[in-house]
Amino acid sequence: VKSEVFDEKIGYIRLTSFNENSDDQIKKEIKQFKKNKKIEGYILDLRNNPGGLLGQAIKISDFFLDDGEIVSTKGRKKNENQKWFAREGDIIDGKALIVLINKGSASASEIVAGALKDHKRAILVGEHTYGKGSVQSIIPLKNDGAIRLTVSKYYLPSGKSISEVGVAPDIEITEESDNFRINTKTDNQLNFAVKLLNG
């Protein structure tokens with residue numbers, strides 16, 4: 001997790017993958033931001049984040065939601081279908097939130113972005129995400145090998161599958177140039193998000 005403050009009033013958090021401590025790190029950064037009474041809006045940057053743990057995607061989505069479904073899985077067998085819901089409490093107290101996404105945002109990133117979009121809790125800026133919405137099981141074989149089998153698919157609160165479709169941004173801003181580097185002067189997506197929050 002990398003964070004900084006823009007224009008003294010925008011809290012920027014970049015998450016590069018979803019691992020065991022992502023939720024704690026984000027919580028810590030937001031606590032720091034909250035001490036700074038001037039913060040009016042937040043940017044969560046999930047660009048080039050390939051995903052990671054489902055549990056983390058659910059916890060991080062829940063930070064910003066008060067209720068409602070976050071994600072569900074549907075498989076071949078009815079008893080494997082599951083739904084996860086948000087609990088009360090929005091960690092940033094309803095303040096404006098922009099999520100940055102691109103074609104490198106996959107899996108857990110798509111769950112977070114999709115849930116926040118479907119609940120109209122965040123504005124998604126950037127490019128269409130990757131579209132990795134399948135749940136895989138690793139089945140060990142006797143010869144020390146294993147099979148990776150897709151057992152179910154992720155669905156967003158709207159009922160849409162992420163698989164092979166991805167999540168579309170609310171405002172599309174593409175980065176075509178070779179000079180593009182995340183969080184530099186050439187970062188049009190971030191610059192746009194900052195402008196948007198500055199109203």
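Colleague: What is a salt bridge, and at what N to O distance do the side chains of Lys9 and Glu40 meet in one?

Modeller: A salt bridge is a side-chain nitrogen of Lys or Arg within 4 Å of a carboxyl oxygen of Asp or Glu. This model is predicted. In it, the side chains of Lys9 and Glu40 form such a bridge, with an N to O distance of 3.9 Å.

Colleague: How many residues apart in sequence are the parts that Lys9 and Glu40 tie together?

Modeller: Lys9 belongs to the loop between β1 and β2, whereas Glu40 belongs to the loop between α1 and β3. The pair therefore ties together parts whose separation in sequence is 31 residues.

Colleague: How are helices α1 and α2 oriented to each other, roughly parallel or roughly antiparallel?

Modeller: Helix α1 (residues 22–35) and helix α2 (residues 54–64) pack with their axes 9 Å apart, at an angle of about 25°. Angles under 35 degrees count as roughly parallel. The two helices α1 and α2 are therefore roughly parallel.

Colleague: Which residues of α2 make the contact with α1?

Modeller: On the α1 side, the contact is made by Ser22, Asp23, Ile26, Lys27 and Ile30. The residues of the contact divide into five nonpolar, two polar and three charged. From α2, the contact is made by Gln56, Lys59, Ile60, Phe63 and Phe64.

Definitions and conventions:
Residues numbered from 1 in each chain as written. Predicted model: local features only at pLDDT ≥ 70, side-chain atom pairs only at ≥ 80, totals over all residues. Heavy atoms only, no water. Axes fitted to C-alpha atoms, helices over the stretch in contact; angles between N-to-C directions. Helix = DSSP H or I, 4+ residues; strand = E, 2+ residues; numbered from the N terminus. Parallel < 35°, antiparallel > 145°, perpendicular 65-115°, else oblique. Contact = heavy atoms within 4.5 Å. Nonpolar A, V, L, I, M, F, W, Y, C, P; charged D, E, K, R; others polar.
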